Amino acid sequence: MKCKRLRRKLVAYLDGELEEKQKLSIKEHLTKCRQCKKEADLLNKSFYLLKDQQRLKPSQGFEASLRERIYSLEKRQLLPQAIFGRLVHLILPAAVAAVLIIGVLVGSSVEKIIPSETVKLKEERYLTSIGLDSFQDLPTGSLPEIYLNLASAEEVENG
Amino acid sequence: MLDSDVSLMLEFQKGDISSFEKLVQKHKESIINIIYQFIGERDEAEDLAVEVFLRVYRAAKKYQAKAKFTTWLYKITTNLCLNEIRKKAKVQTVSLSKPISAGEEKEEELIEKIADAAPSPQQILEKKERNALIRKAIDSLPAKQRMATILQIYEGLSYKEISRILGCSVKSVERRLYWARTNLKERLSSYLTVESSGGF
């Protein structure tokens, strides 16, 4: 059990990432346990086998291709579409805010100019003029009207 | 005191393009190698490395010296690599057991030419086989285990630095590296023989 728990810490031990206390306890264990020592040796060897891989040297054209990419990036940023694109980001929110502010201001000033009672009075006069004040909800002879008449007659009888 | 890379980056922020060039000169090899170890193809590694420095260039105006420059630089590199394999996974062109392509063979020859003065044909063949096995072993690791391994083995970064780059805890880095190295040890067992008995 101790070996199993310890092996989980072996890689961190080999990488020098453990605290002094843990490090000493593993070091001591490795002097006694051959299996764990073998495991540590294999892990260590695999590390150096990987580390031994040759590093690539950057190709000679690396800087040139980077410069080319930077050049085309800057060129793109100077195009009218790109400039317009950047301006749209600024103009659009400002325009929306301006429309909202104007809407609120106009709305409040309309109420000041025409008092709400005057508006109501005008509304009533208009409804009377086109005969909508005597508007009936249900057309004469329609099924809902018959049903309502029957229902109210029943209410009177029960009443 | 600011780290010298941060100073260069701040100079570049003020408009000194030669500072940017110094940064590229200093870090291009590391970036190409990290990407190469992760992706496994030289040309692609160089293209992506160009993209990394282009992002540094573009981000210069917003750059804030909060951490080490390399942490930021490796973070950009890692994100780019992870995005790249996600993209590849989507179009299903990645095969963990794919044979080494002609281009990769050419590349290995190039590496060998740089490395050795005059290796024998037998040595070249052995090295080629070993490199292919190592490549396959690295490719078999899950993306974040692979990146943690590359940063630790090839760049010599501490667990803490790796945790900052990968955006995870130090414990999580420890776990990833444990599984990665155990896995690599199994896969490379044919090249590992234990004869030493010295202590660590």
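How many disulfides does the structure hold over all chains? The structure holds zero, a disulfide being a pair of cysteine sulfur atoms within 2.5 Å. The model is predicted, so local features need pLDDT of at least 70 and side-chain atom pairs count only at pLDDT 80 or more, whereas totals for chains, interfaces and linings use all residues. Residues are numbered from 1 along each chain as its sequence is written, chains are lettered from A and ligands numbered from 1 in the order in which they are written, and side-chain values use heavy atoms, without hydrogens and water.

A:Cys33 is in no disulfide, and the nearest cysteine sulfur belongs to A:Cys36, 3.6 Å away. That separation is too far for a bond. A:Cys33 is buried at a relative accessible area of 15%, where buried means under 20%, exposed over 50% and partly exposed in between, with a 1.4 Å probe and protein chains only. A:Cys36 is also buried, at 0%.

Helices are DSSP runs of H or I with at least four residues, numbered from the N terminus. The axes of H3(B), residues 42–59, and H4(B), residues 69–90, come within 10 Å and cross at roughly 130 degrees; axes are lines fitted to C-alpha atoms over the stretch in contact, and angles run from 0 to 180 degrees between N-to-C directions. The two helices are therefore oblique to each other, because angles under 35 degrees count as roughly parallel, over 145 as roughly antiparallel, 65 to 115 as roughly perpendicular and the rest as oblique. Residues in the contact (heavy atoms within 4.5 Å) include B:Leu48 and B:Phe53 of H3(B) and B:Trp72 and B:Ile76 of H4(B).
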